[in-house]
Amino acid sequence: MSPWNRWDLHPSVITGLALLGGLYVYLGGLKSPRRQVASFFGALVVLFLALNGPLHNLSDTYLFSAHMAQHLLLTLVFPPLLLYGTPAHVIRPLLRPRWVMAIARVVTRPLAAATIFTVPIVIWHVPALYEVALRHHNLHIAQHLVFLMTAVIMWWPVLSPVPELPRAQHLVQMLYLFLLGIPMSVTGALITLSDSVLYPFYAAAPRVGGLSPLDDQQIGGLLMWVLGGLMLWIVMTVIWFRYSVWDARGDAEREVPLEAYSNDQ
């Protein structure tokens with residue numbers, strides 16, 4: 001079996017998953033509706049698969065395209081599953097300190113959330129910084145943590161579980177996601193259309209699947225450009241249909257799950 005096929009488990013990832021799952025259970029997350037519990041543990045599974053085993057091995061040592069797929073899972077799949085699966089009564093104890101709520105009210109506004117997410121994504125894909133992260137494991141861990149934290153903040157205006165930090169109006173959500181996709185698409189397009197290999201680390205990596213370094217880079221760029229954009233468009237489509245139904249019923253545009261309005265603060 002070739003090295004990239006091994007199921008290596010990373011202690012830091014397993015510890016993080018255990019802490020996250022344990023906190024959810026401790027704060028009463030298992031009392032939530034089944035769909036929310038399933039979504040939360042689905043988020044943990046996505047994180048486990050992204051940061052352990054073949055995908056992690058391929059992204060760390062062999063393929064830029066695998067690294068890009070990993071980043072899409074960390075930023076566009078894990079956070080919405082996490083937020084949808086986390087009920088208000090789990091979030092509220094974490095927001096109880098005044099300073100935490102004060103910061104949260106600022107960073108979860110659409111403009112701030114978009115900036116907090118977009119700037120690190122673009123900066124980390126500058127070839128020199130990307131290379132440094134690949135060659136220094138601790139910095140690579142920090143990169144992933146930044147992606148995870150900023151992506152959760154980015155999704156908050158769309159999937160906030162608490163009315164104290166409300167979701168944006170539906171039309172604002174759609175505009176927000178559309179504008180968010182532009183920097184990601186531009187970065188992906190620049191990577192895809194480059195006629196030279198931007199990341200020497202992958203140029204020198206062992207080849208997998210017969211892909212040349214440039215072909216691998218172009219696939220990775222297309223994943224960011226096309227697949228990442230498509231995922232955001234799918235969410236925008238869901239929001240549009242939800243908006244159409246709620247508008248017809250006259251419901252509040254910033255609707256959050258009804259149980260969030262209980263007084264269990």
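Is aspartate 8 buried, exposed or partly exposed, and what is its relative accessible area? Aspartate 8 is partly exposed, at 24%; here buried means under 20% relative accessible area, exposed over 50%, and partly exposed in between, using a 1.4 Å probe and protein chains only. Before going on, please keep in mind that this is a predicted model, in which local features need pLDDT of at least 70 and side-chain atom pairs count only at pLDDT 80 or more, while totals for chains, interfaces and linings use all residues. Residues are numbered from 1 along each chain as its sequence is written, and side-chain values use heavy atoms, leaving out hydrogens and water.

Aspartate 8 has a partner: it forms a salt bridge with arginine 6, with the closest N and O atoms 3.4 Å apart. A salt bridge is a side-chain nitrogen of Lys or Arg within 4 Å of a carboxyl oxygen of Asp or Glu. Arginine 6 is partly exposed too, with a relative accessible area of 39%.

The structure holds three salt bridges, and another one joins the side chains of arginine 92 and glutamate 164 at 2.6 Å, N to O. Arginine 92 sits in helix 5 (residues 88-95) and glutamate 164 in the loop between helix 9 (137-159) and helix 10, so this pair ties together parts 72 residues apart in sequence. Helices are DSSP runs of H or I, at least four residues, numbered from the N terminus. Arginine 92 counts as buried, at 6% relative accessibility.

Finally, glutamate 131 forms a salt bridge with arginine 135, at 3.1 Å between the closest N and O atoms. Both lie in helix 8 (residues 127-135), four residues apart, so about one helical turn separates them.

Note on methods: Helix = DSSP H or I, 4+ residues; strand = E, 2+ residues; numbered from the N terminus.
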